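This report describes a protein chain through its helix contacts, its nonpolar cores and a few individual residues. Please keep the sequence and the structure in view while reading.

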Amino acid sequence: MATMESLIGLVNRIQRACTVLGDHGGEGMSLWEALPSVAVVGGQSSGKSSVLESVVGRDFLPRGSGIVTRRPLVLQLHKTEGGTEYAEFLHAPKKKFTDFAAVRKEIADETDRITGKTKQISNVPIHLSIYSPSVVNLTLIDLPGLTKVAVEGQLESIVEDIEMMVRSYVEKPNCIILAISPANQDIATSDAIKLAKEVDPTGERTFGVLTKLDLMDKGTNALDVLEGRAYRLQHPWVGIVNRSQADINKNVNMNYARQKEREYFESSPEYGHLAHKMGSEYLAKLLSQHLETVIRQRIPSIIALINKTIDELNAELDRIGRPIATDGGAQLYTILEMCRAFDRIFKEHLDGGRPGGSRIYGVFDHQLPAALKKLPLDRHLSQSNVRKVISEADGYQPHLIAPEQGYRRLIDGSLGFFKGPAEASVDGVHLILKELVRKSIAETEELKRFPTLQSDIAAAANEALERFRDESRKTVLRLVEMESSYLTVEFFRKLQTEPEKTTNPATSNADRYADNHLRKIGSNVSAYINMVCDTLKNTIPKAVVHCQVREAKRSLLNHFYTQIGRREREQLGKMLDEDPSLMAKRETIAKRLELYKSARDEIDSVAWK
């Protein structure tokens with residue numbers, strides 16, 4: 001079996017490591033909270049400070065009237081095998097205190113640093129470790145003394161604030177409660193016992209300590225309490241004789257004070273039969289033994305918590321990404337993996353696996369037809385414009401039978417209007433593809449840690465989309481130009497076989513012929529343009545999809561792949577320059593992971609020997 005000192009000492013080291021990493025738990029219980037510790041609870045002037053100093057064997061706590069302890073003091077005692085006694089504060093880790101008067105001053109100064117030179121309190125703890133051959137391995141938490149009234153300079157809420165702070169510690173199931181009560185007061189009025197009874201009604205976690213036995217009125221004693229008749233606990237009560245104020249003023253040696261305490265109990269007619277179970281030295285050993293028992297009982301649940309947390313930390317590291325190797329091949333592989341992850345999400349948008357790609361269909365189904373409907377063809381093919389174009393088309397020689405040049409000019413002018421909607425379709429799809437690139441980058445979890453690579457991929461993708469847009473624009477304009485370059489002859493040959501409608505006989509033959517002729521030309525051109533419009537409604541989307549959407553799916557980052565393949569390791573490293581906050585988060589998680597793995601291994605190695 002592991003020795004008591006090795007197991008408790010290990011817990012102390014783990015708790016300290018947790019504190020250094022700020023591992024006090026998030027939503028669930030932290031490792032620090034899972035490891036048992038002792039919270040010292042008592043009313044003001046109950047003798048808490050004297051008990052702690054007696055257990056440590058050193059005079060190191062600030063003293064005074066009113067609330068002296070204004071911040072929790074997490075005191076870790078580490079038993080050493082000889083050597084110099086010294087103390088260390090977590091907030092000053094490189095400084096060793098061998099003068100315990102300086103420790104007292106540092107506690108006061110560090111308290112003032114948070115609370116100011118006021119009588120207010122703070123729940124931010126001070127962490128102090130004492131290394132000495134004269135102590136037992138133990139973690140004690142000294143809490144502000146419970147009070148019933150606020151004094152001058154304090155907020156009215158301080159009574160409730162202190163109680164809430166104390167409760168936040170003693171309510172935890174792994175907290176051992178050291179309830180300090182003065183013997184010269186009725187135990188029924190003890191603030192510490194009252195609170196302990198509320199949070200630990202069975203008394204399983206509570207140790208009762210009775211101080212100031214030597215200050216009781218003559219003819220009275222505390223046997224009813226110490227022997228468990230006045231208030232029974234599952235653990236034995238321990239009586240303490242504190243140093244007198246005169247001894248404190250004279251800086252009486254703590255070893256001498258302990259000797260006087262032993263003599264008091266051994267020579268006392270009331271407490272002599274309990275002398276072997278009284279005093280600060282016995283209390284320290286009792287707490288240490290109980291702490292060792294509790295730790296051993298908690299080992300399965302502690303290991304279970306550690307394993308659960310290790311799994312959660314590994315999952316979090318996988319989510320934000322593991323550290324990147326420094327060799328060029330690994331960096332290039334990582335970049336390509338990031339690109340493939342982005343490309344996969346981009347294709348999912350286009351193929352309907354994610355929202356956004358359907359907007360491209362909207363360009364063809366709504367935007368293009370709406371734009372074609374708004375073309376000013378009626379104005380271009382009005383009778384007056386037809387007359388103007390027809391009369392100008394043949395120059396000085398009027399047409400003999402059919403105004404072919406006029407037809408061609410009217411058709412060519414009408415088809416020119418189609419270029420605008422064609423280019424608008426190209427631009428509309430281009431904007432959607434750019435937005436899908438932006439969304440895909442934002443949705444690629446693997447890329448979130450690399451802001452530089454995000455920018456590089458976005459720039460490369462948008463550059464490719466620009467090339468696809470230029471090619472698409474050329475293609476749709478060619479489609480329109482092809483319609484102008486070679487007309488469908490069969491359409492007009494068919495028109496020649498259709499009889500003309502009867503005209504109004506009331507009109508003169510010349511006017512009737514001229515008006516009908518112009519209307520017929522406008523009607524024929526309009527019919528031809530409508531036929532071409534129906535064709536372009538189908539061919540423009542085909543060209544846009546072929547030149548832009550299909551190419552974006554097939555080769556969006558091809559040019560980028562060619563470029564990065566030629567880059568040196570240093571350039572690749574710059575592309576993988578991570579977000580500093582993410583790097584810090586990973587480092588913190590990695591340290592916590594190392595702590596938990598080390599704690600698991602150490603507990604396993606010590607607990608079952």
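The model is predicted, so local features need pLDDT of at least 70 and side-chain atom pairs count only at pLDDT 80 or more, whereas totals for chains, interfaces and linings use all residues. Residues are numbered from 1 along each chain as its sequence is written, and side-chain values use heavy atoms, with hydrogens and water left out.

## Nonpolar cores

A nonpolar core is a set of buried Ala, Val, Leu, Ile, Met, Phe, Trp, Tyr and Cys residues joined through side-chain atoms within 4.5 Å. Buried means under 20% relative accessible area, exposed means over 50%, and partly exposed lies in between (1.4 Å probe, protein chains only).

The largest nonpolar core has 103 residues, of which Phe60, Leu128 and Leu140 touch the most other members. Helix H10 (residues 280-320) gives the most to this core, with 16 residues. Apart from this core lies another, of 67 residues, which includes Ile411, Leu453, Val476 and Val549. Helices (H or I, at least four residues) and strands (E, at least two) are DSSP runs, numbered from the N terminus.

Contact means heavy atoms within 4.5 Å. Which residues does Leu128 contact, leaving aside its neighbours within four places in sequence? Among them are Phe60, Leu73, Val74, Leu75, Ala87, Phe89, Val103 and Ile107. Gln76 and Glu88 are also in contact with Leu128.

## Helix pairs

Three pairs of helices are set out in the table. Axes are lines fitted to C-alpha atoms, for helices over the stretch in contact, and angles run from 0 to 180 degrees between N-to-C directions.

| Pair | Axes | Angle |
|---|---|---|
| H5 (residues 158-170) and H6 (residues 191-199) | within 11 Å | roughly 50° |
| H11 (residues 328-351) and H17 (residues 451-485) | 11 Å apart | about 55° |
| H11 and H16 (residues 419-443) | 9 Å apart | about 130° |

A crossing is left-handed if the near helix is turned anticlockwise from the far one by less than a right angle, and right-handed if clockwise. The crossing of H5 and H6 is right-handed. H11 passes H17 in a right-handed crossing, and the crossing of H11 and H16 is right-handed too.

The residues that meet can be sorted by class: Ala, Val, Leu, Ile, Met, Phe, Trp, Tyr, Cys and Pro count as nonpolar, Asp, Glu, Lys and Arg as charged, and the others, Gly among them, as polar. In the H5 and H6 pair, Val166, Arg167 and Val170 of H5 meet Leu195, Glu198 and Val199 of H6. This contact has 4 nonpolar, no polar and 2 charged residues.

Between H11 and H17, Ile335, Met338, Cys339 and Phe342 of H11 meet Leu453, Ile457 and Ala461 of H17. The residues of this contact divide into 7 nonpolar, no polar and no charged.

The crossing of H11 with H16 is right-handed, and its contact is made by Phe342, Ile345, Phe346, His349 and Leu350 of H11 together with Leu433, Leu436, Val437, Lys439, Ser440, Ile441 and Glu443 of H16. By class, this contact has 8 nonpolar, 2 polar and 2 charged residues.

Why is helix H3 (residues 48-56) described as largely enclosed by the rest of the structure? The reason is that 9 of the 9 residues of H3 are buried. Among them are Lys48 and Glu53. H3 is followed by Gly57, whose phi is positive, near 80°.

Ser45 lies in the loop between strand S1 (37-42) and H3. Although Ser45 is not a glycine, it has a positive phi of about 65°. Ser45 counts as exposed because its relative accessibility is 61%. Lys212, in the loop between strand S8 (206-211) and helix H7 (223-226), is not a glycine either, yet it has a positive phi of about 60°.

Thr19 is placed in helix H1 (residues 4-20). Is Thr19 buried or exposed? Thr19 counts as buried, at 10% relative accessibility. The C-alpha atoms of Thr19 and Leu90 are separated by 8.3 Å, although these residues are 71 residues apart along the chain.

Asp318, in helix H10, is exposed, with a relative accessible area of 52%. The C-alpha atoms of Asp318 and Arg493, 175 residues apart along the chain, are separated by 72 Å.
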